[in-house]
Structure formats: structure tokens, C-alpha cells
Amino acid sequence: TPWRPLIDIRDMSRAMAWAIRRTPENGGRLLVVNTGADTANYQVRDLAAAVAKAIPGTEVSINTAAPADSRSYKVDFSLFASLAPDHQPQVDLDASIRMLKEGLEGMGFSDGDFRESQLIRLKVLDRHMRDGRLLPSLRWAA
């Protein structure tokens, strides 16, 4: 049930173009703003179901015995909507999934062991901690 906000790379690129060109009169000289759309806050289980729908033969299983995930990010994007009305996200979840699928198929991606890659963020963090470069607080060791 945890929430995750998503934005397609095409929409994020458009938002960045807006941010680069905006004037200080539009939000102040320094601005931090959530970039996305309120309609793009999804529960993880709904994301999994959307991917399964797009990829025939995919089954979704939810570990109901797992501890609850307290990392939930349902984000308010109303400030971005008011400051950048002409740069709102346009790519919906189904289109984003379809384009990702087509891209992976187009490049011939077939690595069934991709989860074992040493480039996965958590594996990189674990390696830095194991080697003493990173503290458990995720701060660099002195």
C-alpha cells in the first residue's frame, strides 16, 4: 500500500526546460518544487498490476507476511501546477510502461539475472559500507 510518485523522463525533461527558462518572478530566485502531477501518485501494488497488464504472462504476488513499508510518498504537486501550467506531465503510466517495454525489446534486453548486477543502488551502498567508505547513516566515512 505505500505510495510512490512517478514521472516519465519526457515529462521531467519538459519540467527541467521550464525551470531553466523561468524568471525569478515565477516562484522566486531560488525555488524547490515537487515536479509531477497529483494523478501520478500510485500505490506500489497498482504499479505492479499495470506492469503485469502490459507484459503477458507476468504474475504479481504480494508478500502479505512482510513488515509494512513505512516509506510512503504521496506528493502534492499543486505548486508546480500553478507555476508551470504549460509544462504539466503528459505521459500517463500506461504509455510510459509501453515505451519502456518497447525500448527494452528494441535493444534485445534478455538478462534474466539483472537483479544481480553490481550497479544496483542497494548493492553499491552495501559495498561502500562493507568497505568502510560509507557509514550506516549513509554519510561518507572520514
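**Ground rules**

I am working from a predicted model, where local features need pLDDT of at least 70, side-chain atom pairs count only at pLDDT 80 or more, and totals for chains, interfaces and linings use all residues. Residues are numbered from 1 along each chain as its sequence is written, and side-chain values use heavy atoms, with hydrogens and water left out.

**Entry 1: α2 and α4**

I started with two helices, α2 (residues 44-54) and α4 (residues 93-106). Helices here are DSSP runs of H or I with at least four residues, strands are runs of E with at least two, and both are numbered from the N terminus.

At what angle do the axes of α2 and α4 cross? I found roughly 55°, with the axes coming within 10 Å. That makes α2 oblique to α4. (Under 35 degrees counts as roughly parallel, over 145 as roughly antiparallel, 65 to 115 as roughly perpendicular, and the rest as oblique.) The axes are lines fitted to C-alpha atoms, for helices over the stretch in contact, and the angles run from 0 to 180 degrees between N-to-C directions.

I also noted the hand: the crossing of α2 and α4 is right-handed. That term applies if the near helix is turned clockwise from the far one by less than a right angle, and left-handed applies if anticlockwise.

Next I listed who meets whom. From α2 come L47, A50, V51, K53 and A54, and from α4 come L93, D94, I97 and K101. By class, this contact has 6 nonpolar, no polar and 3 charged residues. (Ala, Val, Leu, Ile, Met, Phe, Trp, Tyr, Cys and Pro count as nonpolar, Asp, Glu, Lys and Arg as charged, and the others, Gly among them, as polar.) Contact means heavy atoms within 4.5 Å.

Which residues of α2 are buried? My list reads L47, A50 and A52. Buried means under 20% relative accessible area, exposed over 50%, and partly exposed in between, using a 1.4 Å probe and protein chains only. These buried residues pack against β1 (3-5), β2 and α4.

I then looked at D94, which has its place in helix α4. D94 counts as partly exposed, at 40% relative accessibility. Leaving aside neighbours within four places in sequence, D94 is in contact with A50 and K53. I also checked D94 against R45: they are 49 residues apart along the chain, and their C-alpha atoms are separated by 15 Å.

S96 is in helix α4 too. Is S96 buried or exposed? S96 is buried, with a relative accessible area of 15%. Its side chain joins that of D8 through a polar contact of 2.5 Å. (That is a pair of N or O atoms within 3.5 Å; within protein, one must be able to donate a hydrogen and the other to accept it, and residues adjacent in sequence count only if both atoms are side-chain atoms.) With neighbours within four places in sequence set aside, S96 is in contact with D8 and V91.

**Entry 2: R4 in β1**

R4 sits in strand β1. I have R4 down as buried, at 18% relative accessibility. The R4 side chain reaches the backbone oxygen of R71 at 2.4 Å. Beyond neighbours within four places in sequence, the contacts of R4 include L47, Y42 and D69.

A19 has its place in helix α1, and A19 is partly exposed at a relative accessible area of 39%. From A19 to V33 I noted 14 residues in sequence and 9.8 Å in space, C-alpha to C-alpha.

R22 lies in the loop between α1 and β2. R22 is buried, with a relative accessible area of 18%. Which backbone oxygen does the side chain of R22 reach? It is that of G28, at 2.8 Å. Among the contacts of R22, neighbours within four places aside, are G27, R29 and L31. R22 and T64 are 42 residues apart in sequence and 46 Å apart in space, C-alpha to C-alpha.

T23 is found in the loop between α1 (9-21) and β2 (41-43). T23 is partly exposed at 38%, and a polar contact of 3.0 Å joins its side chain to that of E25.

**Entry 3: L138**

Last, I went to the segment after α5 (121-130), where L138 has its place. Phi of L138 is near 65°, a positive value in a residue other than glycine. Most residues other than glycine have a negative phi. L138 counts as partly exposed, at 47% relative accessibility.
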